[in-house]
Every structure is written in C-alpha cells, then in structure tokens.
Amino acid sequence: MLSAPAYSEKLKQFSIILFPILITQLGLYSMTFLDTTMSGKVSPEDLAGVAVGSSIWVPVYTGLSGIFMAITPMAGQLAGAKKTKDIPFTVIQGLYLSIFMTALIITAGFFILNPLLSFLPLEEKVEVIAKNYLIALSFGILPLFLYGVLRSFIDSLGMTRITMWITLTALPVNFVLNYLFIFGNLGFPELGGAGAGVATGITYWITAIITIAILTQHPSLASFSLFSHFYKVSLQKWREILAIGMPIGFAIFFETSIFAAVTLFMSEYNTVTIASHQAAMNFASFLYMIPLSISMALTIVIGYEAGAKRWKDAKEYSYLGILMGICLSLLTAAVIFFFRGFIASIYTENADVLQLTKTFLIYAIFFQMSDAIAAPIQGALRGYKDVQFTFYTALISYWAIGLPLGYVLAQYTSLQAFGYWIGLIAGLASGAIGLSLRLGRTQKLVQDTPSKNLQ
C-alpha cells in the first residue's frame with residue numbers, strides 16, 4: 001500500500017488491488033457454482049439437494065467468516081499508522097478465534113442438522129442429499145476459517161495477488177475432485193450431489209496448506225514471522241476482534257440468510273421450482289462477487305488511509321468504488337437480459353427447469369443496481385471501522401422489509417414464488433438507501449473529529 005494523492009493514482013492503485021480480489025472471489029464462488037452446476041447434471045433432485053444444503057451452509061459460513069474480516073481494517077490501520085510490529089499478535093489471535101468458532105459450529109451442527117432438515121417439507125431423496133452434502137463439507141470448516149483470517153491479513157497489506165493465485169490454484173483441484181466424486185469417475189465412488197461436499201472440503205484443506213506455506217516463504221510476508229513466536233490466548237484481543245467483526249458477520253449473515261430463507265420457503269413448491277430458483281439465484285450471486293470485491297478493496301484502501309488520518313483520500317476512494325460498482329452493474333444486468341437462455345442452459349438440460357430459470361433471471365436483473373451501491377458502501381464503512389449501522393440496516397431492510405413483503409406477495413397474490421424475489425429486491429433497495437445516508441454522515445464525522453474511533 002502506498003499513498004496516492006492524485007485521483008489518477010488512486011484509480012491505478014485501487015484497480016491493482018481490486019482485480020486480484022475479484023478473481024479470488026469469483027474463484028471461491030466458483031466452487032459453489034461448480035457444486036451446483038455439476039450436481040444438476042446428475043438429476044433435478046441432486047441439484048435441489050445441493051441447493052438446500054448450500055442455503056443452510058452459506059449464511060453460516062459467510063456470517064462467521066465475516067467476523068474474521070475484522071482483521072483487514074485492524075491490520076490495515078496498523079500498517080497505515082506504521083505499527084507493523086503489532087500485526088502478528090492480532091493475526092494469531094484471529095487464528096485462535098477461528099479454531100474456537102469451528103468447534104462451536106460443528107457442535108451446533110451435530111444437534112441441529114437432523115431436526116432442521118426433518119422440519120422442511122422436502123422429498124426424501126432431496127433431504128438425504130442435502131444432509132450428506134453438509135456432513136462432507138463440515139470436514140473443511142477449520143481450514144476454511146483459518147484461510148479466512150490469513151487472507152484478511154494478506155489483503156490488508158494490499159498484496160491481493162497472492163490470494164488470487166492461491167484461489168486459481170485451488171479451483172481446478174475442486175473441479176477435478178467434483179468430477180471424481182460426483183460422477184464416480186476413475187474408480188472413485190459415485191456420490192452425486194454429496195460428492196460435491198467431499199470435493200469442496202478437500203479443496204479447503206489444500207487452500208489452507210498452500211496459504212501457510214506462502215506465509216513462511218514469501219519474503220515480504222515471512223518478515224512478519226507469524227508462526228515464529230508463541231502467543232497466549234488474549235480474550236481482550238478476541239473482544240476487540242469481535243467488537244468489529246460481529247457486526248460485520250451478522251450484517252453478512254442477515255443478507256445471505258434471507259436468500260437462504262427464501263430458498264427454504266421455496267421447499268413448499270415442487271422440485272422444478274426449487275431447482276430453477278436456485279439456478280437463477282446461483283448466477284445472480286456469482287455476479288454479486290463484483291460489488292463484493294469492490295467492497296473488500298474499499299475496506300483495504302480506506303482502512304489504510306484512515307490509519308494515516310488522510311480523510312480526504314479515504315473519501316475519494318469511496319466515491320471511486322461506488323461509481324465503478326454502478327457502471328459494472330449496468331453491464332452485468334445487460335448480460336443477464338440478453339443471455340438468460342444460455343445462462344439457464346449451463347445449469348440444466350431439463351426443459352421445465354430451463355424455462356422457469358429464464359423467468360427468474362429477469363427478476364435477478366433488479367438485484368444489480370442495489371448491490372452496486374450497498375456493497376461498496378459497506379466496504380467503505382468497514383474501512384472506517386464503522387460497523388454497527390450496517391448491522392442494523394441489514395436486519396431491518398432484509399428481515400423487517402424484504403422477507404415479510406416477499407411472504408405476503410407469495411402467499412396472497414398470484415405471483416407465488418416470484419413474490420419472494422420482489423421482496424428481496426425491495427429489501428436490497430431500502431438497505432442501499434440507508435447505507436448511502438450513513439456514509440455521508442460518517443465521512444463528515446471523521447473530518448470534524450479526526451481523533452474519534454468509530455466502532
């Protein structure tokens with residue numbers, strides 16, 4: 001990370017940081033994308049089973065991993081303030097916390113998974129596939145969380161190309177493992193949708209091992225000597241990480257869980273509707289990696305500038321990121337509209353699922369603009385360590401506005417399943433409006449009281 005006074009220099013530095021993050025996020029999401037699309041080639045039941053399993057897993061994973069995203073602004077502000085000696089202690093405590101979180105989620109899953117799946121009105125085969133998918137995936141939770149902490153540390157230094165290459169290395173591994181375990185090729189067991197969980201769990205382990213090796217060998221990263229000193233568990237540092245990370249994690253959880261909740265509500269419809277909904281939602285979520293990447297890049301650059309008390313530069317970065325998000329959202333909306341038939345064919349060969357997916361994709365277009373504004377603003381606010389408002393905004397806009405409206409439209413109008421999508425669109429739009437107002441207030445506050453710590 002370097003200071004970039006001129007706007008053109010900011011654009012260059014932001015692009016250098018953003019592009020690897022985008023490739024990384026697309027690569028990480030491609031694992032879920034591959035799970036869904038390759039499972040859909042087996043049968044609609046396998047596609048639906050993985051859809052339900054993913055709908056349970058993704059909110060949990062993104063919510064908890066969001067906690068570890070606190071490492072990015074914490075380490076970034078330390079780097080901006082030239083306090084690099086304090087960074088290793090923070091990162092190691094994040095690793096300790098990730099191990100503790102892994103134990104909690106596995107324990108909770110042991111008691112909750114069966115009752116949850118039994119509660120849902122699923123076809124028996126779909127329920128079995130979802131359960132086996134989640135059990136297999138659980139063996140990769142620990143390395144996934146460890147990687148989340150280490151990636152946040154690497155990215156906070158602006159070294160986003162490293163995590164990009166790690167992901168690009170892991171992606172073909174995941175594809176090959178899916179090919180082996182889903183379809184039973186080369187003598188491996190044919191596990192169908194559950195095989196996607198096995199493949200992804202193994203890939204998470206490989207990703208974590210590669211990351212640790214790089215941290216000990218790369219000259220710039222090895223200089224931090226992360227693993228050369230033993231640090232005792234510090235509950236005080238855990239509280240500091242959680243004070244920033246919990247609002248981030250819960251905000252992400254509220255956002256992702258509403259999509260999961262809609263998928264679970266969809267279980268009252270037939271398998272064709274579930275599969276079509278999941279295919280369209282999967283692609284829309286894939287495109288969401290663009291504004292999400294902008295958000296993560298903004299957290300890095302604004303965190304660095306905030307640590308150095310360069311508030312004007314931080315403000316200019318925020319505007320740059322939002323403008324870029326809007327422009328790219330217009331492009332992705334056009335892609336969905338003109339190529340929705342081709343997109344649907346990626347997921348399925350079933351004629352009924354194909355046709356319904358094309359209709360759902362029309363609704364997905366309206367996600368783009370709200371995401372293009374809301375996601376970058378969230379990243380900017382995290383860079384300032386202003387995270388509480390994002391948490392409350394997510395709770396209200398998604399769960400007090402989006403889901404209730406969607407339920408009413410689905411249950412009491414002729415829209416049926418499409419009503420849930422309209423509710424989601426309304427929730428995203430209200431969240432974008434609230435976050436826009438908050439960013440303006442935060443930027444004014446830090447300029448008026450530059451010594452104030454926003455938490």
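The model is predicted; local features need pLDDT of at least 70 and side-chain atom pairs count only at pLDDT 80 or more, whereas totals for chains, interfaces and linings use all residues. Residues are numbered from 1 along each chain as its sequence is written, and side-chain values use heavy atoms, with hydrogens and water left out.

Grid points are joined across faces, edges and corners, and a volume is the space filled by probe spheres set on the points. Four cavities of 30 Å³ or more are counted by this rule.

The largest cavity has a volume of about 1100 Å³. Its lining comprises 48 residues, and those nearest the centre are Val58, Tyr61, Thr62, Met289 and Leu292. Helices (H or I, at least four residues) are DSSP runs, numbered from the N terminus. Two or more lining residues come from each of H1 (7–40), H2, H5, H6 (141–156), H8 (193–217), H10, H11 (271–307) and H14. H11 contributes the most, with 11 residues. With Ala, Val, Leu, Ile, Met, Phe, Trp, Tyr, Cys and Pro taken as nonpolar, Asp, Glu, Lys and Arg as charged, and the others, Gly among them, as polar, the lining of this cavity has 25 nonpolar, 17 polar and six charged residues.

The largest pocket holds about 770 Å³ of space. It is lined by 28 residues, of which Ile56, Gly109, Leu113, Leu116 and Leu134 are closest to its centre. At least two lining residues are supplied by each of H2 (44–68), H4 (87–119), H5 (124–138) and H10 (235–265), and H4 gives the most, with nine. The pocket lining has 22 nonpolar residues, five polar and one charged.

Helix axes are lines fitted to C-alpha atoms over the stretch in contact, and angles run from 0 to 180 degrees between N-to-C directions. The axes of H10 and H14 (residues 367–383) come within 12 Å and cross at roughly 165 degrees. H10 is therefore roughly antiparallel to H14 (angles over 145 degrees). In contact (heavy atoms within 4.5 Å), Ile248, Ile252, Glu255 and Phe259 of H10 meet Phe367, Asp371, Gln378 and Arg382 of H14. Four nonpolar, one polar and three charged residues make up this contact.

The axes of H1 and H12 (residues 311–347) also come within 12 Å, crossing at roughly 30 degrees. H1 is therefore roughly parallel to H12 (angles under 35 degrees). Residues of H1 including Tyr7, Leu11, Phe14 and Phe33 meet residues of H12 including Asp313, Tyr317, Leu320 and Met324. This contact divides into 10 nonpolar, six polar and three charged residues.

Key: On a 1 Å grid over the protein atoms alone, a cavity is a set of points where a 1.4 Å probe fits but cannot get out, and a pocket is an open set with protein on both sides within 12 Å along at least five of seven lines; lining residues have an atom within 4 Å of a point. Angles under 35 degrees count as roughly parallel, over 145 as roughly antiparallel, 65 to 115 as roughly perpendicular and the rest as oblique.
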